Each structure stands twice: as C-alpha cells, then as structure tokens.
Amino acid sequence: MLIGPQNSAVADNLPARLRAVRARIATAARAAGRNEDSVTLLAVSKGHDAAAVRALAQLGVEHFGESYLQEAGPKLDALAGLELCWHYIGRLQANKTRAVAERFAWVHGVDRLRIAERLAAQRPLLAPPLNVCVQVKLAPDATKGGASAAEARVLLAAIASLPRLSLRGLMCMLPEGLNAAQQRARFDAVRGLYAELLREGAALDTLSMGMSGDFEAAIAAGSTLVRIGTALFGARTEALGVNDA
Ligand SMILES: *Cc1c(COP(=O)(O)O)cnc(C)c1O
C-alpha cells in the first residue's frame, strides 16, 4: 500500500552520499558553463523516515520533496520544529489538493486548471503564496501527467492570475530507461519552451528537472532544481507505491 518509511540506519551513509551528489551537481554545472549555485538540490525523502530527513537537514539541505500525503503528514508533523521547505512532487488529484495547499511551500506537477484553481482557493490566507511549477510532457512517453506546450501556455496564463499562487516555472519527469542522448533531447525541449516563455515576458525562475538517473543531463540542459531521492538516501522499497488515494 503506502511506501513504508525505512530504517534510519540510512542516515549513516548520508554525509558521503550528499558529498557525492553535490560534487556531481557541481561537475555537471561547470561542464555547462554554469555556477553550481544555480542548481537547487531538492532531497526526495519519500520512502525514508523523519530521522533521515533530520540528518540531511543537519548537513545543510533545506528543500525536501514528498509524493504521498499519507506518508508525508506524520513526517511533516515530526519535523515541524525544523525550518524546512517542503515540496509536493506527487500526482495531484482533486481530492488531495487541500492537504497540499495547507502544508507545502511548493507544488510541482500541476497540469490542469481545475487543480490550480482548487489550490488557490484552499491556500490559507495567512500563508505565503504557494509556489507552483507546471508539469509538461513534450514527448509521447508513457509517463503520467504533463501538459503539452500549448496546454502549458494556457495554464501558465491562468495560474498567473489566480490569487495565493506564485507561478515559478516548469517541471518535467522522464521515463526510466532512456539513454543520455534521449534524456538530453527531452530536457532541451522543455528548456526551449521555458526560454520562449521568458522571452515572451513570463516571470519564471525555476526549471524543475532531473532525478537520480538523469540529473546530469538535466543540468546540462539548464535545470535549476534537481529532485533527487535514490542517489541520496539509497533505494526505496518500490512496488508498494500505490499513490495514496
Ligand atoms: C520519486 C521522485 C523523484 C526522485 O526519484 P529518484 O530516482 O529516487 O531520484 C523525483 N521526482 C519525482 C516527481 C518523483 O516522484
């Protein structure tokens, strides 16, 4: 059913894993003529327990991502004393928007107006605006979710005029099993759309792309935020991952 948070023994390896990931980010950024500070590390903690998050936070990581609300709720409660920035990166269904609007600082993966409207309506008045990335899918991959370029343009314009949301950029997620050239081509296409939107005057600053298996290609293509789970925390127990309904 739900991915069970794993043993905090994971924490033992975290300093070395974090150093290795940061070094790979820096190398990829420099190879692309970019400053390593231009890439934010979002640690994807789904499938790992609060102790692992706490350990990574102590090492200086601020941004954490969760995909399953049933798992995230208790974890956010346990870590409420820490100043962490929580990103919701899971599939967004209409019946889950309230928890996301109430508890998270960012949401990646908005791909329909109805979801954005609900998030805007449900974002607490006293909270800062909810940061939003629109998920795009520009290739006919079997990945779930994602707006076409044309849909994304319409959605971005609509979101920009909704209250209590702060439109930040684009997000994409590639299927597994692509080679480096295929990854690069897909990331370049998303970067191309992002650049076009900027030229047209959109106020965007975030290109959320790259996971453990493809973040170097994403950084080469211009990613400003990489979402990394496995390379930091080790393998999750997959196959349990019914997206909590
Ligand atoms: C799980 C997940 C990640 C992290 O995946 P890893 O391969 O473990 O790095 C990134 N983004 C999204 C949307 C995810 O669901």
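The following questions and answers cover the ligand shell and the salt bridges of a predicted model.

In this predicted model, local features need pLDDT of at least 70 and side-chain atom pairs count only at pLDDT 80 or more, while totals for chains, interfaces and linings use all residues. Residues are numbered from 1 along each chain as its sequence is written, and side-chain values use heavy atoms, with hydrogens and water left out.

Student: Which residues come nearest to the ligand?
Tutor: A residue is near a molecule if one of its heavy atoms lies within 4 Å of it. There are 13 residues around the ligand. Those that come nearest are Lys46, Ser212, Gly229, Thr230 and Arg236.

Student: How many residues of the shell around the ligand are charged?
Tutor: Asp, Glu, Lys and Arg count as charged; Ala, Val, Leu, Ile, Met, Phe, Trp, Tyr, Cys and Pro count as nonpolar; the others, Gly among them, count as polar. The shell holds 6 nonpolar and 4 polar residues, and the number of charged ones is 3.

Student: Which residue forms a salt bridge with lysine 75, and is lysine 75 buried or exposed?
Tutor: A salt bridge is a side-chain nitrogen of Lys or Arg within 4 Å of a carboxyl oxygen of Asp or Glu. The partner is glutamate 66, with the closest N and O atoms 2.8 Å apart. Buried means under 20% relative accessible area, exposed over 50%, partly exposed in between (1.4 Å probe, protein chains only). Glutamate 66 has 0% and lysine 75 has 4%, so lysine 75 is buried.

Student: What separates aspartate 188 and arginine 184 in helix α7?
Tutor: Helices are DSSP runs (H or I, at least four residues), numbered from the N terminus. The two side chains form a salt bridge, with the closest N and O atoms 3.1 Å apart. Because they are 4 residues apart in helix α7, the separation is about one helical turn.

Conventions
Helices (H or I, at least four residues) and strands (E, at least two) are DSSP runs, numbered from the N terminus.
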